[in-house]
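Below is a colleague's note for someone opening this model for the first time. Please keep the structure in view while reading the numbered points.

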Amino acid sequence: MTNPTLALQIQTLPDGPGVYQYYDKEGKILYVGKAKNLKKRVSSYFNKIHDTAKTNVLVKKIVTIKHIVVPTETDALLLENNLIKTLMPRYNVLLRDDKSYPWICIKKEPFSRIFPTRRMVKDGSEYFGPYTSFKTVNTILELIKELYPLRTCNYDLTKSNIDSGKFKVCLEYHIGNCKGPCEGLESLENYQKQVDAIREILKGNFKESMKDFKRLMTSLAQDMHFEEAQKIKEKIEVLENYQSRSTIVNPKITNIDVFSIVSDESAAFVNFLQISHGSIIRSHTMEIKKKLEETDEELLELAIIELRERFQLLSKEVIVPFEVDLGEQIKITVPQLGDKKQILDLSIRNAKFYRIEQLKQLQIVDPDRHTNRIMAQMKSDLRLPVEPRHIECFDNSNIQGTNPVAACVVFKDGKPSKKDYRHFNIKTVVGPDDFASMEEIVYRRYKRLLDENEPLPNLIIIDGGKGQLSSALKSIDALELRGKIAIIGIAKRLEELFYPGDSIPLYLDKKSETLKVIQQLRNEAHRFGITFHRDKRSKAALNSSIESIPGIGEKTMLTLIQHFKSVKRLKLATEKEISDVIGISKAKKITDFYKTLE
């Protein structure tokens, strides 16, 4: 460390939990972070070289360190979140969301109105939400409207105003949507009972309303009021239908939040599901742009704190895919099986789908960014020193040992570059020897590129396991290219990748985009190699039958074979049929030749 004042600042840091802030020489905030042990965490930035260039750049810019000591880790989490939002440091991920989400308000007034709003007014009214879409809000309000007749007017329904006869019932009363509290036709006590039932529904508890309606329906039926009982039955059906549409998990799971994360090189996607009384009542996915190669654990912790605050989640338990640190008050569950594991999988699926949608949109809007992302992903997955912008893949084709040929396909920026594909006839190897063939073609390919001063690939893929790879390496060593080009072998089981000098293969996730690109490369190499092999075999078969016809060249014979489809059918053709294709004089030579053979 070069800066002595910085060293001094680190030495004097306390060992307890807290939040640290890094500033540059202009006094601009660079980064805010939290730590269980301030001294250890901050020191770790300065006593090693980091994997990512961005972190190294950040460390070089730090001139001043400030810190705030807090009693517990939970306080550190909350304080970090607030400081990131207010100070917006350059190197922190910002979990901002400019949208304002809709809420459902139960107004604090006599005969409370219930309505949707985007603005929270602190007048003692209750707010439920925020909901992730207005569609959900409208569905819930329609449900409430069908179950409970509430007023929609904004009269000030104080007792004195009602008693003095200030208001008159409106159309809503006459069509049965309101019971007329403005003229004192409905008691405040009865109205508030309905509001209490609605409050429970908004919390996700439908059970109480269901019980009340069933009780009421039974008593109406017993008193022979069948029409009213039928109306109540319809309300029960509305409630049941609404509940079956929200995903029922397990009635035993109550008031739990589920969080999951899916990430790639540049961004992470965090999904959360809120479960209340066994039903999923809310789902939301947010995208986080990475700044300093943050781990999934760090990003998920930040996102959970932010989402709990934004959506006012008060549950005491959260379900997550791995252990995270959220302080003492919250129970962390990492399920391995059962209902909780299923719901975590559902959340992960939501995050994955959201990511795929975003990527598809990105591919259309900004194809370069899509390519850059895949290249960065491949560099990371395959442990390469550089992005594999130029990849070459080799494949041997010798069917039953005849006509050994090989193919080299080239991908640039993750896409086939067909003009650069090359075929090879095996020259130095006698008989079917895949290893020797691989050694020959790899040598010939890169000897030529070096002689012609052409750019070399960033990555060579050898179709075959350890044996093929070591054959190719002999040629790479002979050309003194070891260490200049990355080279890997793919075994028959596609997800096994072999590296030079390592007997244990690397396994790629079957769903990874890196594997998809490698699959595409290998399929192209197979297709290209086999096509060439077939052409060569047909030609060899053709040559064996036409070499001995005097006065007939290869081109003429090829025209005939294309027309008659085989040598056998050509032999059976009449002179007239042949002359229609290649003229009389040549046709005579062919028919005469076949006659002499008979």
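**Notes on the predicted model**

1. In the largest nonpolar core, which has 33 residues, the members touching the most other members are Ile 104, Leu 202 and Leu 239. A nonpolar core here is a set of buried Ala, Val, Leu, Ile, Met, Phe, Trp, Tyr and Cys residues joined through side-chain atoms within 4.5 Å, where buried means under 20% relative accessible area, exposed over 50% and partly exposed in between, with a 1.4 Å probe and protein chains only. Two or more residues of this core come from each of strand 4 (103-106), helix 5 (134-147), helix 8, helix 9 (207-222) and helix 10 (226-245). Apart from this core lies another one, of 32 residues, including Val 70, Met 286, Ala 303 and Leu 326. In soluble globular proteins, nonpolar side chains tend to be buried together.

2. This is a predicted model, in which local features need pLDDT of at least 70 and side-chain atom pairs count only at pLDDT 80 or more, while totals for chains, interfaces and linings use all residues. Residues are numbered from 1 along each chain as its sequence is written, and side-chain values use heavy atoms, with hydrogens and water left out.

3. The protein chain has 20 helices and 19 strands, taken as DSSP runs numbered from the N terminus (helices are H or I, at least four residues; strands are E, at least two). Of its 598 residues, 46% are buried. Among contacts (heavy atoms within 4.5 Å) between residues at least 6 apart in sequence, 59% join residues at least 24 apart.

4. Helix 8 covers residues 188-202, and its 15 residues reach 21 Å from first C-alpha to last, close to the 21 Å expected at 1.5 Å a residue; the expected span is 1.5 Å times one less than the number of residues. Its buried residues are Tyr 191, Gln 194, Val 195, Ala 197, Ile 198, Arg 199, Ile 201 and Leu 202. Which residues does Leu 202 contact, leaving aside its neighbours within four places in sequence? They are Ile 104, Ile 106, Phe 128, Tyr 131, Ile 140 and Ile 144.

5. Helix 4 (residues 73-87) buries Thr 74, Ala 76, Leu 77, Glu 80, Asn 81, Leu 83 and Ile 84. The cover over these buried residues includes strand 1 (18-23), strand 2 (29-35), strand 3 (64-69) and helix 11 (296-310). Met 88, which follows helix 4, has a positive phi near 50°.

6. Helix 12 (residues 339-365) and helix 13 (residues 367-381) pack at an angle of about 125°, with their axes 5 Å apart. Helix 12 is therefore oblique to helix 13, given that angles under 35 degrees count as roughly parallel, over 145 as roughly antiparallel, 65 to 115 as roughly perpendicular and the rest as oblique. The axes are lines fitted to C-alpha atoms, for helices over the stretch in contact, and the angles run from 0 to 180 degrees between N-to-C directions. Among the residues that meet are Arg 355 and Leu 359 in helix 12, and Pro 367 and Arg 373 in helix 13.

7. Two loop residues deserve a look. Asp 413, in the loop between strand 13 (402-412) and strand 14 (415-416), has a positive phi of about 55° although it is not a glycine, and Asp 413 is partly exposed at 35% relative accessible area. Asn 453, in the loop between helix 14 (434-451) and strand 16 (459-463), has a positive phi near 60° and counts as exposed at 70% relative accessibility.
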